[in-house]
Amino acid sequence: MKNRKLKVHRNDPCPCGSGKKYKRCCLRKENSKDMEADKELYLKKYSIRLKEEKDINSIRKAGRLALDTLDLVESQIRPGIATDDINTLVHNFTIKNGATPAPLNYRGFPKSVCVSVNEVICHGIPGERILKDGDIVNVDVTPILNGYYSDINKTFFVGTPRPDAQKIVRVARKCLKRGMAAVRPGNSIGDIGWAIQSYAEGQGCSVVREFVGHGVGFGFHEPPQVPHYGRKGEGIILIPGMVFTIEPMINLGKKDLNILDDNWTAVTRDSSLSAQFEQTILVTDNGFESLTPFDLQ
């Protein structure tokens with residue numbers, strides 16, 4: 001008994017004769033069976049672990065903490081503070097709220113947050129660097145709350161931004177918005193990448209290839225990988241229950257990068273500015289939900 005065959009609407013009486021609405025009777029059973037089949041298929045074929053409602057609620061709670069953490073950081077961003085001050089702020093707030101900062105000691109990363117300034121694309125290690133008027137700074141936080149992960153980042157202006165800083169932050173923010181708009185069941189991961197790449201390059205900017213979005217929730221980095229470049233219709237097909245990050249790293253100059261001697265910090269090879277925005281996204285029955293929602297206007 002399939003909805004598409006019988007043309008039964010969600011609020012119609014259920015054809016089984018129970019007297020209940022279809023959405024509260026057989027549709028639930030059909031969706032549950034379909035979900036179990038999809039879970040088995042995607043785990044076997046792609047190693048993707050689809051999330052159930054209880055998992056989604058827990059990731060959403062971790063996401064709320066991540067948002068609160070970035071709000072706190074934003075209130076303290078100003079010229080004269082060191083990047084390590086941001087690390088202290090994030091670490092203490094995360095612990096205070098009963099969570100653990102996922103970056104700390106992850107594959108040897110020495111701090112609780114990534115703080116990336118100006119030409120640093122990602123994975124900047126907090127330290128003695130002092131923020132100056134006109135800088136841009138990306139802060140990337142991932143709390144683990146009750147065993148569930150949520151991942152989010154924003155790029156902030158420090159003091160008064162220059163025109164080139166305003167441009168790259170605007171383009172990076174819009175790239176995330178475009179990528180999120182491509183998320184719906186039946187679309188592919190390539191559709192997300194295409195939406196981002198076509199917009200960024202149309203603005204005269206470039207998309208970093210070496211770092212991508214990723215599944216998240218049960219772990220820090222899960223399948224699938226979500227490149228921020230690509231072609232329409234290519235890659236894994238999106239289905240409800242998938243949870244992953246979209247986190248385009250956009251350079252004002254060329255896409256090429258170098259990794260510094262600390263084996264973490266990625267910088268633009270041409271020393272151009274780089275900006276990034278990230279949210280944790282759930283594929284729903286009809287589209288998507290951000291589990292770490294913030295304004296992208």
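## Terms and model

Ala, Val, Leu, Ile, Met, Phe, Trp, Tyr, Cys and Pro count here as nonpolar. Asp, Glu, Lys and Arg count as charged. The others, Gly among them, count as polar. The model is predicted.

## The second largest pocket

This pocket has a volume of about 570 Å³. Its lining comprises 27 residues. Tyr106, His123, Phe211, His214 and His221 lie nearest the centre of the pocket.

Sorted by class, the lining holds eleven nonpolar, nine polar and seven charged residues.

## The open sheet

Strand E4 also belongs to a sheet. Three strands make up this open sheet, in the order E2-E4-E7, and their pairing is antiparallel. Strand E2 (114-117) and strand E7 (152-157) are the edges, each pairing on one side only. From one strand to the next, the twist averages 15°.

Strands of a sheet pair through backbone hydrogen bonds, either parallel or antiparallel. Strand E4 spans residues 136-141 and pairs with E7 over six bridges, in the antiparallel sense. Within this part of the sheet, Asn138 stands opposite Thr155 in E7.

## A helix on the sheet

Helix H3, residues 53-76, packs on the sheet. Helix H3 touches E4 and E7. The direction of H3 makes about 15° with that of E7.

Note on methods. Residues numbered from 1 in each chain as written. Predicted model: local features only at pLDDT ≥ 70, side-chain atom pairs only at ≥ 80, totals over all residues. Heavy atoms only, no water. Pairing = 2+ DSSP bridges. Helix = DSSP H or I, 4+ residues; strand = E, 2+ residues; numbered from the N terminus. Axes fitted to C-alpha atoms, helices over the stretch in contact; angles between N-to-C directions. Contact = heavy atoms within 4.5 Å. 1 Å grid on protein atoms, 1.4 Å probe; cavity = no way out; pocket = protein on both sides within 12 Å on 5 of 7 lines; lining within 4 Å. Points joined across faces, edges and corners; volume = space filled by probe spheres on them.
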